[in-house]
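Please open the model in your viewer and keep the selection panel at hand.

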There are 2 protein chains.
Amino acid sequence: MMYTVQVKVMPLKDLLDPQGKAVLGGLQNLGLNQVADVRIGKHIDLQIEAGSKEEALAAGEEAAKKLLSNPVMEIFEVSVS
Amino acid sequence: MMYTVQVKVMPLKDLLDPQGKAVLGGLQNLGLNQVADVRIGKHIDLQIEAGSKEEALAAGEEAAKKLLSNPVMEIFEVSVS
């Protein structure tokens with residue numbers, strides 16, 4: 001069966017996120033002053049052929065560890081829908 | 001109160017996603033052949049100061065429309081956690 005596995009990759013909390021800071025500045029220039037902080041990461045949708053939800057999740061985690069995230073700078077979360 | 005608003009911005013389904021295709025090739029080279037398709041978008045966490053969850057969601061949608069997404073190429077989803 002085909003499962004959609006969602007991987008969210010975000011910069012670690014302790015690291016600066018210059019892209020997020022730039023977007024925060026842009027939002028404030030647009031008048032959206034209620035926004036206090038912005039952090040930007042990646043969202044990856046994987047279509048995975050697997051026998052069960054658990055198998056799909058495991059394949060998604062392997063993909064996230066091996067290729068999609070950099071553990072020095074990023075943290076990832078994997079979920080199956 | 002401070003709300004965390006999550007914005008997911010993905011390329012439209014009908015458009016090619018060359019970054020996703022490249023990652024799909026990379027995953028297959030790593031032996032993850034059960035992955036059939038990859039699409040890559042952005043995940044943005046906004047910290048929004050608002051009086052209610054609805055207000056935070058509305059501000060997040062405004063930010064997504066005005067700055068975070070390009071409606072010609074992308075679709076966005078906003079959620080508050």
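Select Gly41(A) to begin: because its relative accessibility is 10%, this residue counts as buried (under 20% relative accessible area; exposed is over 50%, partly exposed in between; 1.4 Å probe, protein chains only). The model is predicted, so local features need pLDDT of at least 70 and side-chain atom pairs count only at pLDDT 80 or more, while totals for chains, interfaces and linings use all residues. Residues are numbered from 1 along each chain as its sequence is written, chains are lettered from A and ligands numbered from 1 in the order in which they are written, and side-chain values use heavy atoms, with hydrogens and water left out.

Next, display the surroundings of Gly41(A). Beyond its neighbours within four places in sequence, Gly41(A) is in contact (heavy atoms within 4.5 Å) with Val9(A), Met10(A) and Pro11(A), and also with Gly41(B), Lys42(B) and His43(B).

Now extend the selection to strand S2 of chain A, residues 35–49, which contains Gly41(A). Strands are DSSP runs of E, at least two residues, numbered from the N terminus.

Move on to strand S1 of chain A, residues 2–11, where 8 of 10 residues are buried. S1(A) pairs (at least two DSSP bridges) with S2(A) in the antiparallel sense over 8 bridges; Thr4(A) stands opposite Gln47(A) there. S1(A) also pairs with S3(A), residues 74–80, in the antiparallel sense over 7 bridges, and Met10(A) stands opposite Ile75(A).

Notes
Helices (H or I, at least four residues) and strands (E, at least two) are DSSP runs, numbered from the N terminus.
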